[in-house]
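User: I would like to go through the aromatic contacts in this model and the reasons behind the labels. Please set each value against its cut-off.

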Amino acid sequence: MPRLNVVEPAQATGKTKDLFDGLTKKMGKVVNIFKGMGNSPAALQAYLSMSGALGDGQLAPEDREAVYLAVSQQNGCTYCVSAHTMIAKRAGMTDDQILAIRKFQPQSDKLRALVKFVLRVMETKGFVDDADIAAVRKAGYSDGQIAESVAYIGLATYSNLFNHVFSTPLDFPEAPKL
């Protein structure tokens, strides 16, 4: 049960209505996380703006989903793990690939290096070693992609924490338990 007001699209006004209209046009509906964020147009706009900007970045969809899944799994966010399991499948990833990422052992060496780096950033609060950066570079990631992976950690953490506070109800299938 949500712990904050749920802003239904039919009740939305002002900036929230405008944002919801954009989401409906893009996604076909307004999902529950955004109905909670809709309590603050600024909070919702912040998420959507950052997500949109990063979506135009250098990381491939598979890389973006690997970061989002790893962060959300580490933070225990059932909502985001479930959402990004669905999104990762749409990006062409298999169930086995997704589960491997959630276990922090992606099947490809390149994704394994990225997930390891993401976990190190989280574990050290960003105070990674030079060797951590060298390893993700050696795997084939550019400095721009490394910067974007850190930004995705922030975006995923924001949505994870928001879902924990809001107690966001799932509006799509729950990801398999590990």
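**Aromatic contacts and their labels**

Analyst: In this predicted model, Phe172 has 14% relative accessibility and therefore counts as buried, the cut-off being under 20%.

User: What makes Tyr79 count as buried?

Analyst: Tyr79 has a relative accessibility of 6%. Buried means under 20%, so Tyr79 counts as buried.

User: How many aromatic pairs does a search of the whole structure find?

Analyst: The search finds four aromatic pairs.

User: Why is the pair of Phe34 and Tyr47 called tilted?

Analyst: The ring centres of Phe34 and Tyr47 are 5.6 Å apart, and rings pair within 6.5 Å. Their planes stand at 50°. Stacked needs under 30 degrees and edge-to-face over 60, so this pair is tilted.

User: Which parts does that pair tie together?

Analyst: Phe34 belongs to helix H2 (residues 32-37) and Tyr47 to helix H3 (residues 41-55), so the pair ties together parts 13 residues apart in sequence. Both Phe34 and Tyr47 are buried. Together with Tyr158, they form one aromatic cluster.

User: What are the distance and angle for Tyr79 and Phe172?

Analyst: Tyr79 and Phe172 are 5.0 Å apart centre to centre, with 55° between the planes, and this pair is tilted. Tyr79 lies in helix H5 (residues 78-90) and Phe172 in the segment after helix H9 (143-166), so the pair ties together parts 93 residues apart in sequence.

User: How do you know that the charged end of Lys110 is at the ring of Tyr141?

Analyst: The charged end of Lys110 is 4.7 Å from the centre of the Tyr141 ring, and the distance cut-off is within 6 Å. The charged end of Lys110 sits over that ring.

Methods. Residues numbered from 1 in each chain as written. Predicted model: local features only at pLDDT ≥ 70, side-chain atom pairs only at ≥ 80, totals over all residues. Heavy atoms only, no water. Phe/Tyr/Trp six-rings, centres within 6.5 Å; stacked < 30°, edge-to-face > 60°. Helix = DSSP H or I, 4+ residues; strand = E, 2+ residues; numbered from the N terminus. Buried < 20%, exposed > 50% of the residue type's maximum accessible area, 1.4 Å probe, protein only. Lys NZ or Arg CZ within 6 Å of the ring centre and 35° of its normal.
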